[in-house]
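Biologist: I have a model open and would like to learn how to read it. Could you walk me through it, one feature at a time?

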Amino acid sequence: MIIDVLCNSNGTFFSDTPVEDVCAKKQSDCLRNVENRINLGLERQLNVVVGYIRFLLSSEQKKTDFRPEDENQQVTAMSCVSFSKSFCLALDYFTACAVVVKYLTAEVQIIRDSLDGGNLTSIMLEFGRRFYKVFLNHIYQFTYNSQGAMLLLCDINEYRKCVMSWKIPDVDKQFESLHALANLLVVVPENLNEACSSQLLVDIDRTMVNSFIQLRVDYRSAKLHLNAV
């Protein structure tokens, strides 16, 4: 079309004429349409990826994973408030975690190959937030004894290492806080109040803190040691 040729000429042939406004509007509408289609495609892709992560977690994680019954594998609850990251070297993370991390790594590489600059940062931030929400909801599906809670912390450490490579500070902070929340499942009841006062939990809603404490298998007895949280 003639108007397409004129648009491609950057206004050389019709500067300061009515045609310039028509062409500028056509160009703007075209760019907006392309942008909307790209955004729709990215939204659908994120939904698919996050949905598959949800499927992997639900299908690979066993109901008894976080409440192992074998007394030979039981680990005494730690009396200290802080959970040592090095302790995870003595344990292993679950198959579900390994599968999800592998999938995450592959998908993130595809995203990095496809986007850059601010677009990449925005997508990774949104992706990280959605992944955090899916994993948080997954955690809420279980109750935890001391051994299971330590294994959960090992899983969280693996996810933290994965998301830290994305270099998105807001997502890093979410998983740091999640680690502190999961630590509430490990400490002995006498130290729950101190654990709840962790600096990493300062910005966390108290309702969320209480929700995590209620995931303990010994919640009924543990809550007797709590002041108002």
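Modeller: Gladly! Let's begin with what it takes to line a pocket: a residue counts as lining when it has an atom within 4 Å of a pocket grid point. Keep in mind that this is a predicted model.

Biologist: Which element gives the largest share of the lining of the largest pocket?

Modeller: Helix 2 does, with six residues. Helix 2 spans 18-60, and helix 4, at 117-139, also gives two or more residues to that lining.

Biologist: Which residues line the largest pocket, and what is its volume?

Modeller: The lining consists of E35, I38, N39, L42, E43, L46, L115, N119, S122, I123 and E126. The volume is about 230 Å³. Sorted by class, five of the lining residues are nonpolar, three are polar and three are charged.

Biologist: Let's step back to the whole chain. How many helices and strands are there?

Modeller: There are nine helices and zero strands, so to speak of the order along the sequence is to read α-α-α-α-α-α-α-α-α.

Biologist: And how do I read the contacts and the surface?

Modeller: For contacts, look at how far apart the partners sit in sequence. Here, of the contacts with a separation of 6 or more, 77% are between residues 24 or more positions apart. For the surface, the chain exposes about 13,400 Å², and carbon and sulfur atoms supply 53% of that area.

Biologist: What percentage of the 229 residues is buried?

Modeller: Buried residues make up 43% of them. The cut-off for buried is under 20% relative accessible area.

Biologist: Which residues of helix 8 are buried?

Modeller: In helix 8, residues 206-213, the buried ones include M208, V209, F212 and I213. These residues lie on the same side of helix 8, because they cover an arc of only 145 degrees around the axis.

Biologist: What covers the buried residues of helix 8?

Modeller: The cover includes helix 4, helix 6 (169-183), helix 7 (192-196) and helix 9 (219-222). For a closer look, take L192, which lies in helix 7.

Biologist: Why does L192 count as buried?

Modeller: L192 counts as buried because its relative accessibility is 0%. Leaving aside residues up to four places away in sequence, L192 touches L184, V187, I213, R216, A222 and L226. L192 and I213 are 21 residues apart in sequence, with 8.7 Å from C-alpha to C-alpha.

Terms used: Residues are numbered from 1 along each chain as its sequence is written. This is a predicted model: local features need pLDDT of at least 70, side-chain atom pairs count only at pLDDT 80 or more; totals for chains, interfaces and linings use all residues. Side-chain values use heavy atoms; hydrogens and water are left out. Helices (H or I, at least four residues) and strands (E, at least two) are DSSP runs, numbered from the N terminus. Buried means under 20% relative accessible area, exposed over 50%, partly exposed in between (1.4 Å probe, protein chains only). Contact means heavy atoms within 4.5 Å. Accessible areas come from the Shrake-Rupley method with a 1.4 Å probe; for residues, only the protein chains shown count as cover. On a 1 Å grid over the protein atoms alone, a cavity is a set of points where a 1.4 Å probe fits but cannot get out, and a pocket is an open set with protein on both sides within 12 Å along at least five of seven lines; lining residues have an atom within 4 Å of a point. Grid points are joined across faces, edges and corners, and a volume is the space filled by probe spheres set on the points. Ala, Val, Leu, Ile, Met, Phe, Trp, Tyr, Cys and Pro count as nonpolar, Asp, Glu, Lys and Arg as charged, and the others, Gly among them, as polar. The arc is that of the directions from the helix axis to the C-beta atoms.
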